[in-house]
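The following exercises are to be worked with the sequence and the coordinates at hand. Each task is followed by a stepwise solution.

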Amino acid sequence: AKLKSFAAKIIQLLKEWTETFPYDFQDEKSMKELKEISHRITQCDEENGTVKKIISQMTQNLLMALSARSQYQEIREKFRQPVTDKGTILKTKPQSTQKDILSVCCDPLILAQQLTYIELERVSNIYPEDLMQIVSHMDSLDNHKCRGDVTKTYNLEAYDNWFNCLSMLVATEICRVVKKKQRTRMVEFFIDVARECFNIGNFNSMMAII
């Protein structure tokens with residue numbers, strides 16, 4: 001009875017660990033150790049197989065989480081382009097085909113909602129280990145290397161880049177307007193968007209805009 005009680009506590013610990021910090025098990029060594037521990041625990045309940053089912057479900061959820069995160073990073077990598085390439089694209093694009101933000105979406109509320117969807121999508125892919133990786137290097141002279149570690153903190157880097165891209169988008173949309181009246185209208189539009197972001201609770205986009 002004591003052995004089964006101990007096994008139940010270990011299972012609960014592993015379950016919470018794999019759900020909260022799935023990236024701790026990305027390498028083969030960690031996954032192998034997890035399988036060895038799981039195998040020993042299942043031997044405590046070979047009669048009804050309840051523990052085996054729980055362990056199997058836990059392992060399946062872990063593999064799905066790791067796979068989803070890996071796919072997310074691969075997609076992000078495809079969209080990463082050097083700054084020089086982006087500049088070339090902007091220069092070669094005809095002026096007549098370039099549209100301002102008002103011609104695409106003139107409703108501040110709708111734009112604020114779309115920005116919030118983007119924020120939520122990026123935040124949902126930030127895991128506790130991403131934050132811990134940053135904190136663990138706070139006192140290091142090589143702190144900048146932590147931010148550049150794509151494997152460990154790329155989701156944080158992507159979220160930070162999104163903030164900068166939104167700020168640059170706002171500045172570009174305002175500066176590319178030649179006439180003062182139209183530029184004033186553009187500034188007022190983004191102020192309204194920032195206000196709607198504030199009302200929604202999307203403070204990150206609000207700060208990026210202002």
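**Exercise 1.** Is E119 buried or exposed?

*Solution.* The model is a predicted one. The relative accessible area of E119 is 4%. Buried means under 20% relative accessible area, so E119 is buried.

**Exercise 2.** Locate E119 in the fold and describe its surroundings.

*Solution.* Step one: E119 belongs to helix 6, which spans residues 108-123. Step two: leaving aside residues up to four places away in sequence, E119 touches Y159, W162, N202, N204 and S205. Step three: with W162, the E119 side chain forms a side-chain to side-chain polar contact at 2.7 Å. Step four: S205 is 86 residues from E119 along the chain, yet their C-alpha atoms are 7.7 Å apart.

**Exercise 3.** Carry out the corresponding analysis for E173.

*Solution.* Step one: E173 lies in helix 9, residues 150-175. Step two: its relative accessibility is 7%; the limit for a buried residue is under 20%, and E173 therefore counts as buried. Step three: beyond four places in sequence, E173 touches K99, D100, I101, M186 and F190. Step four: a polar atom of the E173 side chain lies 3.0 Å from the backbone nitrogen of I101.

**Exercise 4.** Over which residues does pLDDT stay under 50, and how many contacts beyond four places in sequence does the model have there?

*Solution.* Step one: the chain average is a pLDDT of 78, and 74% of the residues score at least 70. Step two: pLDDT stays under 50 over residues 83-90, with three such contacts. Step three: pLDDT is also below 50 over residues 146-151, a stretch with 18 contacts beyond near neighbours in sequence.

Notes. Residues numbered from 1 in each chain as written. Predicted model: local features only at pLDDT ≥ 70, side-chain atom pairs only at ≥ 80, totals over all residues. Heavy atoms only, no water. pLDDT = per-residue confidence, 0-100. Contact = heavy atoms within 4.5 Å. Helix = DSSP H or I, 4+ residues; strand = E, 2+ residues; numbered from the N terminus. Buried < 20%, exposed > 50% of the residue type's maximum accessible area, 1.4 Å probe, protein only. Polar contact = N/O pair within 3.5 Å; in protein donor to acceptor, adjacent residues only side chain to side chain.
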